[in-house]
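These are my notebook entries on one structure. I set down what I looked up, entry by entry.

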Amino acid sequence: MRKHLLACALALGGAFAFNASAAQLVLLNGDAGTGLGLDDPTAATPVGLNPGTTVGQQRQIVYRFAMDLWGAVLKSDVPIKVGASFQRLNCTATGATLGSAGANWIDRDFPNAPRPGIWYHSALADSLAGVDLDPVPDDPADIVSRFNGDLGKPDCLAGTTWYYGLDGKTPAGSINFLNVVMHEIGHGLGFQGFLDKFTGQFGDFDGTGPRSDVYTQNAFDNVLGIGFNDPASTPAQRAEVMKTSGRLVWSGQRVKNEAALVLDNRQYFTVTAPANIAGRYLYGTASFGPVASPANFTGQVVLGVDEANPAGPTTGDACTPLTNAAAVAGKIVLVDRGTCGFVVKAANVQAAGGIAMVVADNAAGSPPPDLGGSDPNIAIPAIRITLDDGNTFKANLPVNVTFDVDPVLLQGADDTGRVRLYAPSVVAGGSTFSHYDTALSPNALMEPFDTPTVQAQYNVDLSPALYRDMGWKVNNGDARIGKCNTTVDVLEPGGFIVGANVQAWNNLCKVSAKNPGKYVQCMVDLQHRLRSAKLIHPLQGAAILVCTATNLRP
């Protein structure tokens, strides 16, 4: 039984060569022949190791590189067809949806299905069945992805640009396209649940009644101690869990086993003075700026005061430039939630010389939700506290704070080590549930907001472990160039994919090089970069060069 999720007719594009043990991801270029998006002929200067000379070429090179990375990590005997196009997505002058993606088809009760009666994303279902379960000529994509073609326009995250480099060195004011593509393909591969985020109801996609899916089977309520597939779980309970930060976690054992390899130790926001309010306080993290830590979030909290704002209820919401810059310089600044975006507040605090920001909620509730938004120019950490705690702080200013580090518990996991999924208090239809929580530190690839610290060309953190919990098989062996073993692991526990990077670069070097000498030089440069970054040791670098030479032979 199959079911179509996203209707999209896309033209077939090319694909790079792949190793027999790897999955083959095939690009279906939805922009072919339009002169737009992936087909944009605008001249461009090669950037960040991307050799493309037009905007469209650079976009396609990044996209195919991302497909080669995921293809090296996962196993499938059935090609995974990935549709891609550029178009305008949700935009404002200060925010934008960078991309969206998901499964185009879902399947259940197919040959070799590990669990009967539940839905599987088509790419995973095909890999388990060993055949293409949805051979629809007019709509062949397993995954459909879209990217924002208006990014940087005055009404769409003004001034921001896509960065098409492959080196992870994203300039300030730019968004790393490779990270976003890796993230969006990640959704289509299975990082996506199909229940209604507002009602908690399982989907009825074929008229046979509500059914769970393989992703949702791993969702867990750590307050009631039941999974979403438990008979005691109700739609109302699931809906409540999906809007309660810290309560929604992933129950799969492989993610739990690898969490300590990826996540930092948990931190506690602590008041040290005055003594009458000293202690630990709950807080929400921010999707922008550096992660709060003892090094950057220790000091005195003072109140931020901004210019009169006719649209705002207070003069402490930091929606306009602060007027007490002398008082906040070098201090942690307390501001009110409301009126404008969190990144606007952080930018104003930063401009006034504040070293960090605390946002006091304007509505009752606990624990405090996370701060959303994206701005690569924000260089100060920010957190959110409850309305009650904000009032306590205001009544006792100045307040001295720091962060304490727990020696055992993990940041972004519950007390049993289960990793948190994204559950903001206000449901975000495209983000709630189908992401890791923004509380994870360091930031993860599959969090809902772009984070410049992610380096997806080398590290996809806990995503492979999650896929394995769902039934994907992964490549635990060494990267190969042709039949030659480079001795570099394709995938290491904790999500390091240096070997996958080697295979992706071998494909790109072969396609972009005009002659054997340039191909060899491209691979020499690769092993030099990996050695300089201490991602491989000298013997592995030598093996890459031997395999490169071997690959030149007829």
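**Entry 1: two helices, H11 and H12**

I looked up how helix H11 (residues 516-532) packs against helix H12 (residues 538-551), and I found an angle of about 165 degrees with the axes 10 Å apart. I noted that helices (H or I, at least four residues) and strands (E, at least two) are DSSP runs, numbered from the N terminus. Axes are lines fitted to C-alpha atoms, for helices over the stretch in contact, and angles run from 0 to 180 degrees between N-to-C directions. H11 is therefore roughly antiparallel to H12; angles under 35 degrees count as roughly parallel, over 145 as roughly antiparallel, 65 to 115 as roughly perpendicular and the rest as oblique. I recorded the crossing of H11 and H12 as right-handed. A crossing is left-handed if the near helix is turned anticlockwise from the far one by less than a right angle, and right-handed if clockwise.

I then listed the contact, where contact means heavy atoms within 4.5 Å. H11 contributes Tyr519, Val520, Met523, Val524, Gln527, Leu530 and Arg531, and H12 contributes Pro538, Gly541, Ile544, Leu545, Thr548 and Asn551. Sorted by class, the contact of H11 with H12 has 8 nonpolar, 4 polar and 1 charged residues. Here Ala, Val, Leu, Ile, Met, Phe, Trp, Tyr, Cys and Pro count as nonpolar, Asp, Glu, Lys and Arg as charged, and the others, Gly among them, as polar.

I noted the ground rules: this is a predicted model, in which local features need pLDDT of at least 70, side-chain atom pairs count only at pLDDT 80 or more, and totals for chains, interfaces and linings use all residues. Residues are numbered from 1 along each chain as its sequence is written, and side-chain values use heavy atoms, with hydrogens and water left out.

**Entry 2: H1 with H3**

I turned to helix H1 (residues 55-73) and helix H3 (residues 177-189), which pack at about 50 degrees with their axes 9 Å apart. H1 and H3 are therefore oblique to each other, and their crossing is right-handed. On the H1 side I found Arg59, Val62, Tyr63, Phe65, Ala66, Met67, Leu69 and Trp70, which meet Phe177, Leu178, Val181, Met182, Ile185, Gly186 and Leu189 in H3. By class, the contact of H1 with H3 has 13 nonpolar, 1 polar and 1 charged residues.

**Entry 3: helix H2**

Is helix H2 (residues 122-129) largely enclosed or largely open? I found that 8 of its 8 residues are buried, so H2 is largely enclosed by the rest of the structure. Buried means under 20% relative accessible area, exposed over 50%, partly exposed in between (1.4 Å probe, protein chains only). The buried residues of H2 pack against strand S4 (80-87), strand S8 (105-107), strand S9 (120-121), H3 and helix H9 (463-470). After H2 comes Gly130, with a positive phi near 80 degrees.

**Entry 4: the open sheet**

I traced an open sheet of 7 strands with mixed pairing, in the order S17-S16-S22-S18-S19-S20-S21. Two strands pair if DSSP finds at least two bridges between them. Strand S17 (279-281) and strand S21 (382-385) are the edge strands, each pairing on one side only.

Strand S16 (residues 265-273) and strand S22 (residues 399-410) run antiparallel and are joined by 7 bridges; Asn265 has Leu410 in S22 as its bridge partner. S16 and S17 are antiparallel over 3 bridges, and a hairpin of 5 residues joins S16 to S17. Strand S19 (residues 332-336) and strand S20 (residues 356-360) run parallel, with 5 bridges, and Asp336 stands opposite Ala360 in S20. Helix H7 (residues 342-351) packs on the sheet and touches S19, S20 and S21, its direction making about 135 degrees with that of S20.

**Entry 5: two single residues**

Met357 has its place in strand S20 and is buried, with a relative accessible area of 0%. Leaving aside neighbours within four places in sequence, the contacts of Met357 include Phe288, Phe297, Val333 and Val335.

Ser434 lies in the loop between S22 and H9 and is buried, with a relative accessible area of 6%. Not counting residues up to four places away in sequence, Ser434 touches His187, Phe191, Gln192, Gly193, Lys197 and Tyr215.
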